[in-house]
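Hello,

Here is the structure I promised to pass on to you. Have a look at it first, and then read my notes below.

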Amino acid sequence: MLTHPQRTLPFRTGYRIGCGDAAAVVTPESLLELWRVALACARHAAIMIVQAANTGLTGGSAPFGDYDRPVVIISTTRLVGVLPLKGGEESLCLAGSTLTELEDTIRPMGRLPHSVIGSSCIGASVVGGVCNNSGGALVRRGSAYTENSLYARVNEAGELELINHLGRDLGSEPEEILRRLDAGDIGVEISEALEPVRDVPDHVDTLRALGDEPTRFNADTRKLFEAAGCAGKLIVFAVRVPTFEAPRRERSFIVGTNSAEDLTRLRREMLSSLVILPSVCEYVSKGASDLAAQYGRDVCQLLRMFGARIMPRVLETQKRVDVTLRRIGLSRLSSAKISQLIFKASPHPLPKNMRALFDTHDHLLLITTDDDGIEPLKSILEELSSEGRLDYLEPSEADADAAFRVRFASAGATVRIRDISKNAGELAALDVALPGGTRDWGLLLPEHLNNQIMAKAIYGHFLCHVFHLDYVLKPGVDREEFELEIKALIEAQGGQMPAEHNFGHLYEAPPPVVEFYKKLDPTNSLNPGIGKTSRERDWA
């Protein structure tokens with residue numbers, strides 16, 4: 001348990017926005033300890049904010065503003081554990097398990113998780129993805145969703161209750177259930193369904209329809225069910241998630257063009273004619289890749305040397321360095337500045353043959369497909385290339401990995417600029433879902449908004465039409481006013497915000513979502529204020 005303000009600061013500060021007060025930060029090392037911590041908080045009517053890696057992009061995992069009760073942050077990063085079920089066809093993932101841990105556990109069984117490490121989430125947790133309906137980079141699977149979870153809620157009487165909807169018999173008493181899970185006991189399958197299976201639309205069918213509504217967005221009430229989409233209004237101890245058969249072979253393509261219209265044609269051609277859609281289709285603007293090469297070089301090099309599993313440890317080390325620097329009076333120095341200086345002289349993250357494509361095209365797509373989908377996709381690319389509409393490369397596996405590392409690092413580049421630049425203003429990080437049928441997706445801003453921007457990175461999940469717009473604003477620019485103007489532009493196109501990073505403290509949750517939160521957390525004890533709702537007890 002940490003109480004000193006300097007020690008708790010990394011937990012109290014959001015990755016991109018937000019910083020508030022907390023009476024304590026607690027890091028339990030077992031599910032049973034998590035339960036006992038939550039019991040103590042509930043008995044004293046304290047606010048609980050359950051936090052995993054604290055890489056949330058909308059401030060939803062850290063305190064924000066003023067509260068009417070003491071705040072306790074509960075970090076789940078030590079609560080790791082993945083328990084395969086049915087030979088790996090499903091997995092029980094404990095509260096702090098990461099996507100990397102899940103992938104490492106099931107890949108030897110020939111299986112893959114719902115999501116992979118995507119645009120921004122260093123050390124992303126499986127439970128966090130479910131709680132936020134995160135979509136991620138994998139085209140065919142839609143938003144993270146499950147109806148099987150083990151969670152605690154604070155009921156109307158202010159008492160903590162544990163609800164087991166994992167579909168596994170682990171006993172009847174909370175401490176018995178949690179002790180067994182802590183010991184790796186998966187229990188016995190319960191044959192009868194505990195809850196009716198909800199009618200969740202097929203994601204690929206929705207993509208192909210090219211409709212007037214976004215294919216995935218956080219206000220979609222069809223994806224809200226207990227832990228799924230709960231945004232921290234429950235304490236989730238474990239989730240049961242499906243896994244997917246790994247492909248026999250994969251191939252990547254890098255596409256470049258200076259015409260947004262040509263990418264629209266490519267997108268529609270893929271959705272209409274490919275029987276097997278690509279597994280990944282990531283968009284990166286030239287500006288985003290340039291910033292990643294300059295301000296995300298350390299991330300690219302660390303991923304190249306150690307892989308994604310090293311990133312949570314790197315993040316933890318950075319937090320410790322920052323705390324130490326502040327203690328010895330070097331608060332103007334930071335781990336970000338040190339890392340930027342160390343890696344500044346390191347090689348460019350892209351190989352020379354690929355750098356030419358990135359340097360000469362405004363729009364880039366990083367596409368991966370597999371098995372019987374490889375040749376049909378290649379035929380489409382060859383046809384459009386012969387018409388002069390685009391250029392493409394079929395890189396080696398190592399070169400493709402380098403391109404995806406740049407895509408990964410593009411999200412943190414604007415955070416780095418804000419953190420180390422003396423002339424940077426606030427960071428506006430927007431999460432946008434455009435209707436599936438949108439042709440003009442270019443996201444061009446009027447001149448008066450462009451004039452307020454110091455640096456920008458645009459990237460996202462192209463087939464799903466989910467885009468992340470990161471703007472480092474000039475000093476003195478009102479971030480909230482800037483964001484409201486862009487929100488109006490997106491909604492005028494029929495778009496939705498947020499798309500997959502959830503409402504956090506940036507976006508106002510619509511009434512149906514607020515009602516869902518109130519049903520889960522009637523006393524407003526867990527993560528109050530989320531979605532710009534009341535922070536007061538009992539939703540006063």
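Five strands come together in an open sheet, in the order S4-S5-S11-S7-S8, with antiparallel pairing. At the edges sit strand S4 (82–85) and strand S8 (160–164), each of which pairs on one side only. On average, neighbouring strands of this sheet are turned by 20° against each other, direction ignored. Please keep in mind that this is a predicted model.

Inside that sheet, strand S7 (residues 149–154) and strand S11 (residues 235–242) are joined by four bridges in the antiparallel sense. If you want a place to start looking, Leu150 stands opposite Ala238 in S11. At the other end of the strand order, helix H3 (residues 99–106) lies across S4 and strand S5 (90–94). The helix H3 runs at about 40° to S4.

The next element I would open is strand S14 (residues 280–285). Six of its six residues are buried, so S14 is largely enclosed by the rest of the structure. Val280, Glu282 and Val284 point one way from the strand, while Cys281, Tyr283 and Ser285 point the other way, and all are buried. Which strands does S14 pair with? One is strand S15 (residues 363–370), joined to S14 by six bridges and running antiparallel to it. There, Val284 has Leu364 as its bridge partner. Another is strand S18 (residues 453–461), also antiparallel, with three bridges to S14. In S18, Gly460 is the residue opposite Tyr283.

Now for the loops. Pro63 lies in the loop between strand S2 (47–51) and strand S3 (71–75). Is Pro63 buried or exposed? With a relative accessible area of 0%, Pro63 is buried, because buried means under 20%. Leaving aside neighbours within four places in sequence, Pro63 is in contact with Phe11, Arg12, Gly18, Cys19, Gly20, Asp21, Ile49, Val71 and Ile73.

Another proline to check is Pro498, in the loop between helix H16 (479–492) and helix H17 (511–520). The peptide bond that joins Met497 and Pro498 is cis, with omega at about 0°.

Leu443 is not a glycine, yet has a positive phi, near 55°. Leu443 belongs to the loop between strand S17 (427–433) and helix H15 (447–450), and at 13% relative accessibility this leucine counts as buried. His465 is not a glycine either, and has a positive phi of about 55°. You will find His465 in the loop between S18 and strand S19 (466–473), where the histidine is buried, with a relative accessible area of 0%.

Finally, a word on the surface. Ile328, Leu330 and Leu333 form a nonpolar patch there, and together they have about 260 Å² of accessible area. Leu330 is found in the loop between helix H10 (311–327) and helix H11 (335–343). Its relative accessible area is 39%, so Leu330 is partly exposed.

Best wishes

Conventions. Residues numbered from 1 in each chain as written. Predicted model: local features only at pLDDT ≥ 70, side-chain atom pairs only at ≥ 80, totals over all residues. Heavy atoms only, no water. Patch = residues over 30% accessible without salt bridge, like charges linked within 9 Å, V, L, I, M, F, W, Y side chains within 5 Å. Areas by Shrake-Rupley, 256 points an atom, 1.4 Å probe, with all protein chains shown as cover. Salt bridge = Lys/Arg side-chain N within 4 Å of Asp/Glu carboxyl O. Helix = DSSP H or I, 4+ residues; strand = E, 2+ residues; numbered from the N terminus. Buried < 20%, exposed > 50% of the residue type's maximum accessible area, 1.4 Å probe, protein only. Pairing = 2+ DSSP bridges. Axes fitted to C-alpha atoms, helices over the stretch in contact; angles between N-to-C directions. Contact = heavy atoms within 4.5 Å.
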